[in-house]
Amino acid sequence: PKVPEAMGMSKEFRMVISIDLGTFGSGFAIGHIGDDQIKIDQGWTGENRKRVGEKVRTAILLKEEEDGRLVTVEFGENATFQYQRILLQKARSKRRKTSEVDDNNNGRFYLFDQFKMSLYQPNAEEKWVSPSITDVAGTKQLPAMEVISRSLGYLVDKAKSVLRADAYKQIHDKIKWVVTMPAVWLDGAKDFMLRACKMAGIPDDQLYLCLEPEAAAICCIHEASVRP
């Protein structure tokens, strides 16, 4: 489908990158305003290439350094695969009573999986509170902002790497970033996503938050308008 020229955005933008941090799967798409093509090949590698559809699993693997700093290791199926490899390697080392663990796998690793709906607080009314998210092993709890902003940041960086591969690095300030979110979220959760997007590196004047039903409606209307 063609990217509409009129979507409530300034004509100074030449490209739209949409990001969907989903409950189960996440991904992004790239389109030039006025062009007929939308790029959904996101250049995934490793286990992420084996995913079904355009999205990868909403999972992020973090490593805690000796000084307490957190480092993003992987995202998607790659995150769950590497986490399982680390656990298996450490289990084998423990059985053999050795310390034969890859240097890259030393340290504390935490996998956070399918965490988006922690922001959904239907009974909170106006007292929405930014939650914490616990890793799959139940050993580490982090502020949701840390986990979600890092996940968005990973997708932002991945989209930028695809652009660089296509020689579009000169138009970084001409990109409109569209991030979708559920309509059922309370204002507190929507404001949370706005702040998370900023932490992920999306400039204020290039960010547009779109409710998922609105995105679906725009797609349906546009497809109907171009259908023969």
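Tyr154 counts as partly exposed, because its relative accessibility is 21% and the limit for burial is under 20%. The model is a predicted one. Phe75, at 0% relative accessibility, counts as buried.

These two residues form an aromatic pair. A pair of aromatic rings is described by the distance of the centres and the angle of the planes. The count of aromatic pairs comes to two. For Phe75 and Tyr154, the ring centres are 5.4 Å apart and the planes meet at 25°; planes under 30 degrees apart count as stacked, so this pair is stacked.

Helix 3 comprises 13 residues (residues 187–199). The buried residues of helix 3 are Ala189, Phe192, Met193, Ala196 and Cys197. Viewed down the axis of helix 3, the buried residues fall within an arc of 135°, so they line one face of the helix. Gly201, which follows helix 3, has a positive phi, near 105°.

Asp135 is located in the loop between strand 8 (132–134) and strand 9 (141–143). Asp135 is buried but has no salt bridge. The nearest side chain of opposite charge is that of Lys140, 8.8 Å away, whereas the cut-off for a salt bridge is within 4 Å. The side chain of Asp135 does reach the backbone nitrogen of Thr139, at 2.8 Å.

Technical notes:
Residues numbered from 1 in each chain as written. Predicted model: local features only at pLDDT ≥ 70, side-chain atom pairs only at ≥ 80, totals over all residues. Heavy atoms only, no water. Helix = DSSP H or I, 4+ residues; strand = E, 2+ residues; numbered from the N terminus. Expected span 1.5 Å × (residues − 1). Buried < 20%, exposed > 50% of the residue type's maximum accessible area, 1.4 Å probe, protein only. Arc of directions from axis to C-beta. Phe/Tyr/Trp six-rings, centres within 6.5 Å; stacked < 30°, edge-to-face > 60°. Lys, Arg positive; Asp, Glu negative; His and termini not counted. Polar contact = N/O pair within 3.5 Å; in protein donor to acceptor, adjacent residues only side chain to side chain.
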